[in-house]
Amino acid sequence: MEASSENMEQGGQLVLVRRRLPPPPGLREALTAGLRRSCACSLQGAWAQLQALFPAICWLRGYRPREALVGDVMSGLVIGIILVPQAIAYSLLAGLQPIYSLYTSFFANLIYFLMGTSRHVSVGIFSLLCLMVGQVVDRELLLAGFDPSQDGPGPGANRSSLNNSATVPVLELQDCGRDCYAIRVATALTLVAGVYQVLMGILGLGFVSTFLSQPLLDGFAMGASVTILTSQLRHLLGVRVPRHQGLGLVVSTWLSLLRGAGQANLCDVLTSAVCLAVLLAAKELSDRFQHRLRVPLPAELLVIVVATLVSHLGQFHERFGSSVAGDIPTGFVAPRVPDLGLMWRVALDAASLALVGSAFSISLAEMFARSHGYAVRANQELLAVGCCNVLPAFFHCFATSAALAKSLVKTATGCRTQLSSVVSAAVVLLVLLVLAPLFRDLQRSVLACVIVVSLRGALRKVQDIPRLWRLSPTDALVWVATAATCVLVSTEAGLLAGVLLSLLSLAGRTRRPRTALLARAGGSSFYGDPAEFEGLAPEPGVQVFRFTGPLYYANKDFFLQSLYSLTGLDVGYVVARRKERGPGVGASEGDPVGGRDPSSGSGTASLVPAVTRFHAVVIDCAPLLFLDVAGLATLQELHRDYGALGISLLLACCNPSVTDMLRRGGFLGEDPGDAAEDGQLFPSVHCAVQAARARHQELAAANSIL
């Protein structure tokens, strides 16, 4: 009950219940209090801030090795084994050398271990982000005069001649070849995206990513997966085709592949066919017998090891011209500050990259937190993922986020805490320091097979469309439009189209919400929609109107149309006509609903006009989430027009924000408890109906006396 009172019976006595409204602080007082809290400095406060920034400080003190250590070590080893082949494979998507993917996996696991709030999320390289990074890298390589379709054999031989179409000053590239320039673009893009995410976390904008709905993310994943699949076909077939940029990338790539299909490398085609068959069969068996396997089959690692041995012994690169991974150095490269000029060039691309990475990371963290009964902090997740991009960008790493497939494996293998990320980082470190050169003769077609098989889950989401259509055609439309735009135009355009359609669907749902006239169940205080419940009877003389949505500028006209149509009286038209004909004209049964029928009979002047069927209108404001200035003006206009005809307009079940808006807008009295407010607002529909009937009886009695 907001500013109204209600007599409640307790122990045979009537008790007056009223909500106490604290005086709202002024803007100056609120700002002063906020600044005082934020600027207060103490040792205890600094320690609390440090614990909030690095949650590992808290949960490590309560770590129970007997319960969690075995599961964490096992899941960390499994994820590390999966990470190595995926890191090498995903470097193809990003257009970078495999060593940089290993760097990225190593640093991301360590940083998220310290800063993440989710216990089960696996943060590292993600196929969708690799695709987005690769598209920016290819574009900048082309602008710099390099050939994006030319895959360098390794960092040791990364020189590439510049062509005459270069738009970047040649002097800046004298000490930097193709692969060197590619990683400079990627690190600049990653740093800017990470800065965006960190700023979002500091400003408390973790909620922004929730505006990317699940149908939008699923459609984006589907469209991006088709783009990834298309980009890997050239490696599967061993065909040299240009890496297209801009609009229609997928269509242009398919046309180039069809034209160059006759030049396919037979060795790569056979290798791809065998590896795809083995990987798909292993995945299907692993899914079918998942409940019997404590540890998932490391199919990717086994295929890569065997393929590397076969390629090395058979000398596929020298004898058949098969493209291989090339030299992968060991150890770490000296850190380097990302190029400031490139950061300005990719600032716009980094925005979509940051948004997608944030949305997937927060949604996965919240999903696993709900399923395992703990809480995560969205803003801290933004800080953690942002730092996983900002700090590693100085160590030749590219964009990372949470990945669903590895997170599911992590949970299935007994993960309890993020200590498993440290174990995974140790596995990657072992490869970086010792084992990386052993993958020199690994065919790129095998890496492409690993990428294609990893898309199974996203591509299977197309089966969800019929079910989604039955549940919500609007969400299905968002899904299809996002996926189609990603495939036919570009991934960035698909993300933008999905966001716009989601916002439009949200606006559409609030613009025309459901409306109904409520009826009463017998002598009870229950009022419901007759279309939903049987046995309800309308209250004589009182129209109870329910509007299941907010009242704001976009739906105020629909609000009035629905009210006029359901009650059978266009009060605005009647009042306007009454002003034209004179004050002695009342409303009658011929009054139009929509203002389209100019003919109606006239009534006689009286204290209670001869209005059809009702003397009061009660608006059920329980579903009314908020009220803006236009909505307030609509209610004020209704109150004035109904009052001109002697009809009472009462409001029931208003929430505090709506009541405050009504009070500040002058619809109610200035102070809580005013007589005008007590006669206008009611805590329930039944109270409002009873008050309207009592008021009508008093007015009828006054008329009879006169």
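Because the model is predicted, local features were considered at pLDDT of at least 70 and side-chain atom pairs only at pLDDT 80 or more, whereas totals for chains, interfaces and linings use all residues. Residues are numbered from 1 along each chain as its sequence is written, and side-chain values rest on heavy atoms, with hydrogens and water left out.

The protein chain has 28 helices and 10 strands, taken as DSSP runs (H or I of at least four residues for helices, E of at least two for strands) and numbered from the N terminus. Of the 706 residues in the protein chain, 50% are buried, where buried means under 20% relative accessible area, exposed over 50%, and partly exposed in between (1.4 Å probe, protein chains only). Among contacts (heavy atoms within 4.5 Å) between residues at least 6 apart in sequence, 77% join residues at least 24 apart. The chain exposes about 33,400 Å², of which carbon and sulfur atoms supply 63%; accessible areas come from the Shrake-Rupley method with a 1.4 Å probe, and for residues only the protein chains shown count as cover.

Rings of Phe, Tyr and Trp (its six-membered ring) were paired if their centres lie within 6.5 Å, with planes under 30 degrees apart counted as stacked, over 60 as edge-to-face and the rest as tilted. By this rule the count comes to 18 aromatic pairs. The ring centres of Phe 126 and Phe 360 are 5.3 Å apart and their planes stand at 65 degrees, so this pair is edge-to-face. Phe 126 lies in the loop between β3 (123-124) and α6 (127-143) and Phe 360 in helix α14 (residues 347-372), so the pair ties together parts that are 234 residues apart in sequence. Both Phe 126 and Phe 360 are buried. A further edge-to-face pair is formed by Phe 547 and Phe 559, at 5.0 Å centre to centre and 85 degrees between the planes; Phe 547 belongs to strand β7 (residues 541-547) and Phe 559 to helix α23 (residues 556-567), 12 residues apart, and each of Phe 547 and Phe 559 is buried. Ring pairs also link Tyr 100, Tyr 103, Phe 106, Phe 107, Phe 332 and Phe 395 into a cluster.

With a disulfide defined as a pair of cysteine sulfur atoms within 2.5 Å, the count comes to 0 disulfides. For Cys 388, the nearest cysteine sulfur is that of Cys 387, 7.3 Å away. Cys 388 is buried at a relative accessible area of 2%, and Cys 397 is buried at 0%.

In helix α24 (residues 571-581), the buried residues are Val 571, Val 574, Val 575 and Arg 577. These residues cover an arc of only 165 degrees around the axis, which puts them on the same side of α24; the arc is that of the directions from the helix axis to the C-beta atoms. On the other side of α24, Lys 579 and Glu 580 are exposed, while the cover over the buried residues of α24 includes α23 and α25 (629-644).

Positive phi values occur at two residues other than glycine. Gln 315, with phi near 50 degrees, is found in the loop between α11 (299-314) and α12 (316-320) and is partly exposed at 44% relative accessibility. Cys 653, with phi near 60 degrees, lies in the loop between β9 (648-652) and α26 (656-664) and is partly exposed, with a relative accessible area of 25%.
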